[in-house]
Amino acid sequence: MTLFLASIGILIGGYFLYGLLVEKIFGIDPKNLTPAYSRRDDIDYTPMSTWKVFLIQFLNIAGLGPIFGAIMGVMFGPAAFLWIVLGTIFAGGVHDFISAMISLRSGGLSLPEVVGHELGLSVKQVMRVFSILLLILVGAVFVVNPAELLAKMTPDFMDRFVWILIIFAYYILATLLPIDKLIGNLYPVFGLTLLFMAAGLLIVLIFGDVTIPDGLTDGLHSRHADGNPIFPMMFVSIACGAISGFHATQSPMMVRCLKNEKYARPIFYGAMIAEGLVALIWAAAAIAFTQGYEQLNEYMASGNVPSDLVKDISLSWLGSVGGVLAIIGVIAAPITTGDTALRSARLIAADFLKFDQKKLFRRLLLSLPIFILAGAVMFINFKVLWRYFAWCNQTLAVFTLWAATVYLARHKKAYIVTLLPAIFMTAVSVSYLLCAERPEGLGIPVGIAVAVGSAAAVALTFVVMMYIHRINSGKLKRKFDY
């Protein structure tokens, strides 16, 4: 219990202390005209209430990540709590806020255009393909699991396949309609159910007759039943609850609806802190409900999946009515991530193709290939799909953090706040790709993989520092103005 309560306190404190520091380093200007007004089209660029923008951003980035990711991540032991807290404050929150502000200053451009602008044309082309593929993966992941949960709660004729069709039909509408029509009106309702779920579990964890086995006295070594090491495996399993490259694909969508720069920290850094809190709650709930790390591993090894544990915890702790509402919250979270993932894929494609999106027919024409690919991907085995998604997620964060580092350095700002997480996440992503089991990795022994991953992080740091030096010294002639 002590570890859990301390983690919550530090996480909240991080928003007010480190979040404010990062805001001051970047430098906001409330007098600047935001893209919501300067490029208003009432389709993708439109001013929205700040509380709605926050809820949309929060639900976009929350999804299954801080729930399923936290459950699978805490199987590694108490180190998961430390990563959620430190990752959220010093990596995830910084990543989300800085990337959003860069997009804001560029007129709401999507992530690949922003990253490519800082790191060059070749990186831009890679990011365009990589980002769209990641968003399609997200859309697929966040169709299948809500459908499975809904199928368990409804009559037999409403099976998994029927719910997949219903959810995917909603995704199509959310991708095509003006953002304030469907997404802007439904998200507050979904947000209330998700908040109810989190608050209900938090009350049970603190005041209920449950014990959260910290396990700190036994050290921070891996408790994973498969013998998976904490580094890099845990740092990939817990993605959205600490740092996620996917978030930076969502931020430009909300940047286009932001009324004033002064709301950027509460919305983007704040939503990441809120997601970290959700991840802490579910990590604690998983080990409290199963009564320990070993027991949690046994529960998962017996054929259960994270959605089974979500259902068991919700119904057991919150009763039938509260449990159903909590499960709806868990269903709403991924659905409200999947729909905006496909919408973001449309926006990214529109940006690099310079394809006007004011007419519905043009939006549909651009979205059809995205819908077809997402429909094909969703039938891949969930465990394999999640591992690919998790690695792609963290690798995208690496690109974003390095681009943010170059941006801050060019503007003579303290780029150390993005440099350190960029180095760390580079080592994580490269190490994971090398040591993960085939087919998602190369199956190289962990020790060798970590050594190579660390060396790659050092080498990339040297390359980027030389790149920054050439820019600031005037030796590299590039047009950086948006």
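**Core, salt bridges, cysteines and surface of the predicted model**

Leaving out residues up to four places away in sequence, V74 touches A80, F81, I238, A283, A286, I287, Y293 and L296. The model described here is predicted. V74 belongs to the largest nonpolar core, which has 171 residues. V74 is among the residues with the most contacts inside this core, together with F4, F81, Y171, M197, M234 and W282.

Salt bridges were searched for over the whole structure, and nine were found. One of them joins D44 and R343, with the closest N and O atoms 2.8 Å apart. This pair links distant parts of the chain, 299 residues apart: D44 is in the loop between α2 (35–38) and α3 (50–62), whereas R343 is in helix α14. Both D44 and R343 are buried. The two residues are also part of a network of salt bridges that includes R346.

A salt bridge is likewise formed by E118 and R410, whose closest N and O atoms are 2.9 Å apart. Here too the partners come from distant parts of the chain, with E118 in helix α6 (residues 111–119) and R410 in helix α16 (residues 382–410), 292 residues apart. E118 counts as buried because its relative accessibility is 0%. R410, at 17% relative accessibility, is also classed as buried.

The side chains of D42 and R40 meet in a further salt bridge, at 2.8 Å from N to O. D42 is partly exposed, its relative accessible area being 37%. R40 is partly exposed as well, with a relative accessible area of 48%.

The search of the whole structure for disulfides returned zero. C392 is accordingly in no disulfide, and the nearest cysteine sulfur, that of C240, is 12 Å away. With a relative accessible area of 13%, C392 is buried. For C435, the closest cysteine sulfur is that of C392; the distance is 15 Å, so the two are too far apart for a bond. C435 counts as buried at 8% relative accessibility.

On the surface, M153, F196, L315, V321, V324, L325 and I328 form a nonpolar patch, with about 540 Å² of accessible area together. Helix α14 (residues 306–353) gives the most to this patch, contributing five residues. I328 is found in this helix. The relative accessible area of I328 is 34%, and the residue is therefore classed as partly exposed.

D308 also lies in helix α14. In contrast to I328, which is partly exposed, D308 is buried, with a relative accessible area of 18%. Apart from neighbours within four places in sequence, D308 is in contact with K152, Y299 and G303.

P445 is placed in the loop between α17 (416–435) and α18 (446–472). P445 counts as exposed because its relative accessibility is 51%, and the cut-off for this class is over 50%.

Note on methods: Residues numbered from 1 in each chain as written. Predicted model: local features only at pLDDT ≥ 70, side-chain atom pairs only at ≥ 80, totals over all residues. Heavy atoms only, no water. Patch = residues over 30% accessible without salt bridge, like charges linked within 9 Å, V, L, I, M, F, W, Y side chains within 5 Å. Areas by Shrake-Rupley, 256 points an atom, 1.4 Å probe, with all protein chains shown as cover. Salt bridge = Lys/Arg side-chain N within 4 Å of Asp/Glu carboxyl O. Helix = DSSP H or I, 4+ residues; strand = E, 2+ residues; numbered from the N terminus. Buried < 20%, exposed > 50% of the residue type's maximum accessible area, 1.4 Å probe, protein only. Contact = heavy atoms within 4.5 Å. Disulfide = S-S within 2.5 Å. Core = buried A, V, L, I, M, F, W, Y, C linked by side-chain atoms within 4.5 Å.
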